[in-house]
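Trainee: I'm new to this one, so could you put it up and walk me through it?
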Amino acid sequence: MKAIIFDIQRSSFVDGPGIRTTVFFKGCNLRCKWCHNPESQIIKPQIMFYKSKCISCGKCREACPNNMEKCDMCGKCTYACPNGARRICGREYTISEVLKEILKDKAFYETSGGGVTFSGGECMLQIDFLEEILKKCKENKVHTAVDTAGCIPWEYFLKIMPYTNLFLYDVKCFSDKLHILGTNYSNKLILENLKKLSDEFLGDIIIRIPVIGGFNDDTAEIRKICGFIKSLRIKNTEILPYHKMGEYKYEALGMKALKYKVPDPKEIKRLKEVFCNIQQGE
Ligand code: SF4
Ligand code: SF4
């Protein structure tokens with residue numbers, strides 16, 4: 001069994017507790033306009049071309065058997081490039097390859113309370129592989145987290161719940177109209193799944209709310225999200241300010257990045273206070 005994965009990052013501190021290894025699955029069924037991992041959206045491997053590194057030597061063209069026209073991802077141009085201006089993003093991994101990477105840091109997970117996080121893209125779209133690798137992690141006593149946007153059939157959650165310790169669950173907005181505007185998809189299934197997960201899952205759930213300047217950063221929207229999740233069994237909520245660190249990847253993929261505002265830290269602080277007040281029963 002194989003999955004298309006575009007990165008495996010060791011020593012991560014941002015995707016759950018402790019020191020973690022984060023496995024990024026390629027392919028996503030949402031199209032968030034502020035996505036900071038645009039290379040995760042399409043499941044197939046893609047060439048990324050970093051124009052600023054290119055010295056126009058032409059070695060990629062000389063190496064390409066297809067005259068740089070119908071790319072079959074052979075990778076010859078990436079090996080030929082002397083300056084790292086071209087790379088293939090995403091390749092197939094077997095279960096044992098991924099497990100081997102995860103287990104390299106097992107000692108650090110044990111001392112820090114960390115583990116592995118499966119992210120993306122939407123890792124739950126490659127559900128059979130995900131179920132299998134989660135089982136293997138469980139057998140090896142590694143703490144497991146699944147980072148999801150939740151726009152997935154409920155049956156998929158049932159498959160992986162027994163082998164998952166923590167869900168990191170994105171809630172981008174409560175208003176359905178706003179959600180469609182920002183992601184091209186309704187959030188009805190996402191909110192329904194979150195409610196079911198809160199009722200049926202025995203492990204932890206952390207909600208993650210990306211705050212995007214000029215999109216969902218108004219008090220009314222944050223109040224609506226908070227009102228909804230207040231009734232759920234949630235371990236924690238994280239408010240994640242939008243950042244522009246992924247913009248260069250849009251250019252490398254030949255895509256156009258939409259410009260959103262990076263929220264002012266004072267505004268984030270104020271929204272966190274609004275959130276806390278509601279949680280505490282304002
Ligand atoms: S990956 Fe292979 S086919 Fe694609 S552009 Fe590079 S050399 Fe050509
Ligand atoms: S081989 Fe690399 S540096 Fe040379 S032209 Fe191709 S992309 Fe640019």
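Trainee: Where is Asp15 found?
Mentor: Asp15 sits in the loop between β1 and β2, strands here being DSSP runs (E, at least two residues) and helices likewise (H or I, at least four), numbered from the N terminus. This is a predicted model, in which local features need pLDDT of at least 70 and side-chain atom pairs count only at pLDDT 80 or more, while totals for chains, interfaces and linings use all residues. Side-chain values use heavy atoms, leaving out hydrogens and water.

Trainee: Is Asp15 buried or exposed?
Mentor: Asp15 is buried, with a relative accessible area of 10%, where buried means under 20%, exposed over 50% and partly exposed in between (1.4 Å probe, protein chains only).

Trainee: And which residues does Asp15 touch?
Mentor: Not counting residues up to four places away in sequence, Asp15 touches Arg20, Thr22, Thr117, Leu168 and Arg208, a contact being heavy atoms within 4.5 Å.

Trainee: Switching topic, what is the strand order in the open sheet of eight strands?
Mentor: The order is β5-β1-β2-β6-β7-β8-β9-β10, with mixed pairing, and two strands pair if DSSP finds at least two bridges between them. At the edges stand β5 (91-94) and β10 (236-241), each with a single partner strand, so one side of each is left without a neighbour in the sheet.

Trainee: In which sense do β6 and β7 pair?
Mentor: Strand β6 (residues 115-119) and strand β7 (residues 143-148) pair in the parallel sense over four bridges, and Val116 has Thr144 in β7 as its bridge partner.

Methods
Residues numbered from 1 in each chain as written. Chains lettered and ligands numbered in written order.
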